[in-house]
Amino acid sequence: MSQTMDPNNMPFLSEASVSVEIETEDMTLNIGPQHPSTHGVLRLVAKVNGEKISSVEPVLGYMHRGYEKLAEVRTYPQVTTLVNRIDWVSGFANEIPFIAGAEKLMEIEVPERAQYIRLILTEMARISSHFVFNGAFPLEIGALTPIFLAMEDRERVLDLLESVTGGRFHPNFNRIGGVKPVAGAGPTTKKDIQDLPAGFYHDTKVAMEKVLKAVDTFEDLIGGNEVFQARTKKVGVLTKEVAEEYGVSGPILRASGVEFDLRKQSDYLPYDKFDFEIPIGENGDCFDRWSVRTSEMRESAKIILQAIEDMPSGPIQAKVPKVIKVPKGQTYVRAENPKGEMGYYIISEGGLGPYRLKIRTASFSNISILPIMLEGALLPDLIAIMGSLDFVLGDVDR
Amino acid sequence: MKSGERKTLNQSDQNEFINSIQSSFKNTSYNFDTLKINVDISSWIDTHKILKKDFNLSFFNWLSAVDWDNEVKTGDAPKEPVTPSFEILSCLSQTNSNNLVISSTVISKENAEIESLVDVFAGANWHEREAYEMFGIDFLNHPNLTKLYLPDDYEGNPLLKSFELISREVKPWPGDVDVEGMPEDSIVVEEKGS
């Protein structure tokens, strides 16, 4: 990074501020709810003193759909449709902890092949979510090129997701006890089961090679860009103590140097069978948050390539009763989603639907640190900080 | 940028943690891989301080509430009789293992108030505001106890079991009509030995 970029190395600036005394007062600035950098309908009420932000108050609820209430009047299979729409950038990953929780209460053992299919598609959802981030984040701070590359490569991954599940964004593919037979395969007999479309392994291999290439390109094009570095390095530093206290999870927590990934710690999917690493950041700034996500794409592609190599054969659906009734019990199942920890606390009273479903989403906790991170920051840095948190409003408001 | 070391689940560590929690707190349960501590409302804050300090549970996952009632207007009522009450739930975890604890306390509906956790975990702020608007629970000494999602002039607490879901009343969900074949017809349900 060039030295001239640092305002501290510009003596004429500090002199200017001493010689000119301007009385300023705080101005209230409404950012959003209709603002491109808010990823939807988040509204920030910022008090600014010139270019400096003195306080920020996020206003939520423009996207609140009341999923926790809606879940109480739905049966368990119907809730899956609902939870797809929480974090719509990675719809498939939202289903996993809910289905795993219901299976835990019903004490169903999921066939290995179904678990592998779930794992592959979850990682594809992660890659597509991080592609969106790699396009949107540089775009917000002024780099126009990456979004075209990212969207093109993301399309390949979404095509694969669509070929298996029939949906690009809202797959609704998981069933309690396994996964749905492949879309468009027609009624399958007990002998002839079609769970993955023809050519899926080959297409996946090709797409993942492209993903690995795209990550290299991003690291050169975005990470190597001097302007991008100047806008993100040492901007929006988050310490791990604050992150933990606010429940900030996922890549943001790891960028602050905490080595915590539920894929390594928990057993909701058979991640222990694969060789992959958890990228960790050192400084907890915007650059590290970008860097951790981008490295994660490479690891996800590695997981998928390993998974299609040793894909087990067998059924994709465990034996489940015709009408799904979940026995009385309470459980909390969480998963490492692209945006952080997502979990469902299911309280079942033995009925067709949950008595109460608490949905813990990653973005909600992740943006609750905005008032702290933005206090004292400069207005242009607000865009960089918000972009680096990579939140989705559906995931915030539920 | 350094890479994390490969970690595997350590069952004995987890059992040790569960045992240490169960020996420190009187009323605990461990069902479906979920460790739950039931505490009295008076020790709600102290419990969280102990869990944070002595058990290294420094990660604040979430806080929420449950409305226990047999008279419900939406959804299904519990089959067994329950005492009408609010159950406050909080979830804390560690950031170096999968250990996780759900704390629970029961408060009466007539006197729905509880001390705020914001001084122990600053992250409880928004979660408590959500529970406040959804259930009408007062969190004492909360710095900014206002509505989080709902409009300021909104009346009622939507997650109460006595709160009707109007859309469901107007148009019942066609839940009894199956749009696709039942699992038996289309999917292999029996695992065959190969």
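This is a predicted model: local features need pLDDT of at least 70, side-chain atom pairs count only at pLDDT 80 or more; totals for chains, interfaces and linings use all residues.
Helices here are DSSP runs of H or I with at least four residues, and strands are DSSP runs of E with at least two, both numbered from the N terminus.

View 1. The pLDDT of chain A averages 85, with 90% of the residues scoring at least 70. Over residues 186-192 of chain A, however, the pLDDT is below 50, and this stretch has six contacts in the model beyond near neighbours in sequence.

**View 2. The open sheet β7-β8-β9 of chain A.** Three strands make up this sheet, in the order given, and their pairing is antiparallel. Because β7 (329-337) and β9 (356-360) of chain A each have a single partner strand, they stand at the edges, and one side of each is left without a neighbour in the sheet. Direction ignored, neighbouring strands of this sheet are turned by 10° against each other on average. Helix α4 (residues 91-106) of chain A packs on the sheet, where it touches β7 and β8 of chain A, and the direction of this helix makes about 150° with that of β7(A).

**View 3. Strand β8(A) and its two pairings.** With β7(A), strand β8 (residues 340-348) of chain A pairs in the antiparallel sense over nine bridges, and a hairpin joins β7(A) to β8(A) through two residues. Within this pairing, A:N337 has A:G340 in β8(A) as its bridge partner, while A:T331 stands opposite A:I346 in β8(A). The pairing of β8(A) with β9(A), likewise antiparallel, runs over five bridges, and here A:Y345 has A:K358 in β9(A) as its bridge partner. As for burial, β8(A) is mostly covered, since nine of its nine residues are buried.

**View 4. The largest nonpolar core and the surroundings of A:M124.** This core has 143 residues, and those with the most contacts inside it are A:L121 and A:M124. Helix α5 (residues 112-140) of chain A gives the most to the core, with twelve residues. Once its neighbours within four places in sequence are left aside, A:M124 is in contact with A:V157, A:L160, A:L161 and A:I304. In soluble globular proteins, nonpolar side chains tend to be buried together.

**View 5. The contact between chain A and chain B.** To this contact chain B brings 54 residues and chain A brings 59 residues. On the side of chain B that touches chain A, at least two residues are supplied by each of β1 (2-3), β4 (59-68), β5 (85-93), β6 (100-108), α3 (124-135) and α5 (183-186) of chain B. The element that gives the most to this side of chain B is β4(B), with six residues. By residue type, the side of chain B that touches chain A divides into 27 nonpolar, 18 polar and nine charged residues.

Definitions and conventions:
Residues are numbered from 1 along each chain as its sequence is written. Chains are lettered from A and ligands numbered from 1 in the order in which they are written. Two residues are in contact if their C-beta atoms, placed from the backbone, lie within 7 Å. Ala, Val, Leu, Ile, Met, Phe, Trp, Tyr, Cys and Pro count as nonpolar, Asp, Glu, Lys and Arg as charged, and the others, Gly among them, as polar. Two strands pair if DSSP finds at least two bridges between them. Axes are lines fitted to C-alpha atoms, for helices over the stretch in contact, and angles run from 0 to 180 degrees between N-to-C directions. A nonpolar core is a set of buried Ala, Val, Leu, Ile, Met, Phe, Trp, Tyr and Cys residues joined through C-beta atoms within 7 Å. A residue is buried if 20 or more other C-beta atoms lie within 10 Å of its own, exposed if 12 or fewer, and partly exposed in between; C-beta atoms are placed from the backbone. pLDDT is the predictor's confidence in each residue, from 0 to 100.
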